[in-house]
Amino acid sequence: MKKIMMRRREALKVGLGAAGLVAIAASGATALADAISSAKIVGSGEMAKGISKPGKLRIGFSNGFSGNTWRTECLTSMLNEAKLNTDRYELIVVDGQGDISKQVNDLDDLIVQNVDAILCIANSGTAVVPAFRKATRAGIIVVPFNLPVEGEHWTAYIGTDPEKKGATTGKALNDMLGGKGKIVALGGLPGNSYTAGCWAGAKSQFEPGIQILAFKDASWQEDRAKVVMADLLAAYPQIDGIWCDGGQDAAGALKAMIAANRPLVPATGDDYNGLFKLYDAQKASNPKFKIACVSEPSWEGVVALRTTVKLLSGQDMPKRQIIYPLLIDDSNYTQFMKPGLPDGVFVDTLLTDDQLKKLFG
Amino acid sequence: MIGARASTLFRRSPVWAAVVLLYIVAAIVSPAMLKPAQMLNILQVTAFLGLVATGQTMALLTGGIDLSVAGVVTMTNIVATSLMLGQNQNIAVAIICCVLLGTAVGIINGLLIAVLRVAPIIATLAMNSILFGLALVYTGGAPHGSSANAFNVIGQGRWFGLPASAICWLVVAIGVAYMMRRTTLGRWIYAVGANEAAARLMGVPTRIVVVTAYALSSVLAVLGGLLVTAYVGNPSLGIGNQFLLTSVVAVVVGGTALTGGIGSVAGTIAGALFVTELTSFTNIAQASTGTQYVIQGVLIAISVVAYRMLGARTAA
């Protein structure tokens, strides 16, 4: 399959026109040296057909839920983007409140309202399929992002690849430990497919010398991770590394190590500000402490929105756009860390510090 | 002789016997459970659930249930961290605000149940939803702030070699246990739970008792929320969710009847210890989260059946 690569900054500022993509691929462009802008987006060779719709567009966004910081940053970025383009489109946001059936009802409502396009972060990758089928048959552009959905009843998809992200953090942890050591792993909500994908990717990178002592769910919450890690510390006198798919888990686990007076060890996570602040505060007194994190960019929604507008302007777009975020480690974390902002901020964001301060104020 | 004593212990305080037996089994399977650090860790973590479950006991003793405790813990965490902002001088204001809010929530729950005759499960579930919604509105989905260092001592520190959180919990729980056994209010709560109509005929102000019980439940959930906030130091919109089920499990395992009127705070102390011990053991034994949920559900069912059988035998 032909792969098309583009820089995130170009994707965001120039847009994701197919002609532009081909041009970038043809010129063999690589990622920028600037850490924050060097995340790249790889588009599939398979293209989605654009539909030219004149006049002011109506775009619906079915958000699976809105109860965490990442979703808030994502939604705020999308609303900011929509505010800049009020002459071109109206963004209608509906919230599934974490309920699968409510989200399906929300999607049906958007179809009945005859919107031009639907963006969606699905609560369930399978439950939304019938509604997506109904929408695509009605000629509505459907763009799921962040979490994949089953089937082919959608127009274009934007997101990261959990398995590849896990492989990145898994390899980094393996390398930080020199391919040898005992590790524990903490994941997100029980049974979620994102953690399963990440963990599968991570395990594929561990050398035989890496011994996995335990894998536990910690719900991406510091308090849960701290409690679980305290038990694991009692059970295992030697823990050389911690693999996590979320920064909250890593921060909670590391705080449990601090409480148990154990020296901090290499850990992985995402772009959770609290983890970078913790690393910054503790690295001097813990020589073995290192971090390796891969973000889940909260600007995904903006890319999805711009892709949708391009499609509704008649441009063909890649069917799948996979975001390859940057590895954030001890060499570049200071470019991402926001010391003056709360731990809960996810730092790979389009929002400025002032906007974040206002949001978290 | 030993067998007879064990049998007596089982009959009088089956949950305490279960706590001891579980610990022995856990220690055999995983010797790590015998480490003093792990014992202290279990005590430290039990304190959060213990306080919330002590409040839940009040609600269950009246014949009701308080499913808003999860929302109250989350509200406490969000409000406390946003008011403290990591500054020691803000601790008092934050605590007072949380306690006042908790009291208001409890009084509203009580009024809905006692005056408007809304079923407790509906009233408190609705309140839980309202509190989570308010937390979202208040934070805009982006909670901010942190707890103050001096405050964190009660969640992370040690007093006399013991976890400060456990000392806070046990002092409060013993105080509530005393109130339940030795004061008029305590006896009224039991009376209302056993037979509300009969209690009313005896002159017990049943509505006031129910409102007071739910207010106490909420305030104790606030105290649990403050402890868990001090433990983790940060705000989290999902922090209270874990207490929705576990607080009921701890109370039921501790011997309090879901029908009201029967039970004790002392039993709940043991119930909270048992639940935390079990979670800790299953963590160490690498049981999956799914298995842990199954065990919790089975535990509720077994406890209800076992206490009913014990109650029937005692009555006979």
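Colleague: Where does B:Val29 sit, and what makes it count as exposed?

Modeller: B:Val29 lies in helix α2 (residues 14–29) of chain B, a helix being a DSSP run of H or I with at least four residues, and a strand a run of E with at least two. Exposed means over 50% relative accessible area, buried under 20%, partly exposed in between (1.4 Å probe, protein chains only). B:Val29 has 52% relative accessibility, so it counts as exposed. By the way, this is a predicted model: local features need pLDDT of at least 70, side-chain atom pairs count only at pLDDT 80 or more, and totals for chains, interfaces and linings use all residues. Residues are numbered from 1 along each chain as its sequence is written, and chains are lettered from A in the order in which they are written.

Colleague: Why is α8(A) called largely enclosed?

Modeller: In α8(A), 13 of the 14 residues are buried, so the rest of the structure largely encloses this helix.

Colleague: How do you know that β2 and β15 of chain A pair?

Modeller: Pairing takes at least two bridges found by DSSP. Strand β2 (residues 40–44) and strand β15 (residues 320–324), both of chain A, have four, in the antiparallel sense, with A:Val42 opposite A:Ile322. Strand β8 (residues 157–160) of chain A also has four bridges to β15(A), but runs parallel to it; there A:Ile158 faces A:Gln321.

Notes. Side-chain values use heavy atoms; hydrogens and water are left out.
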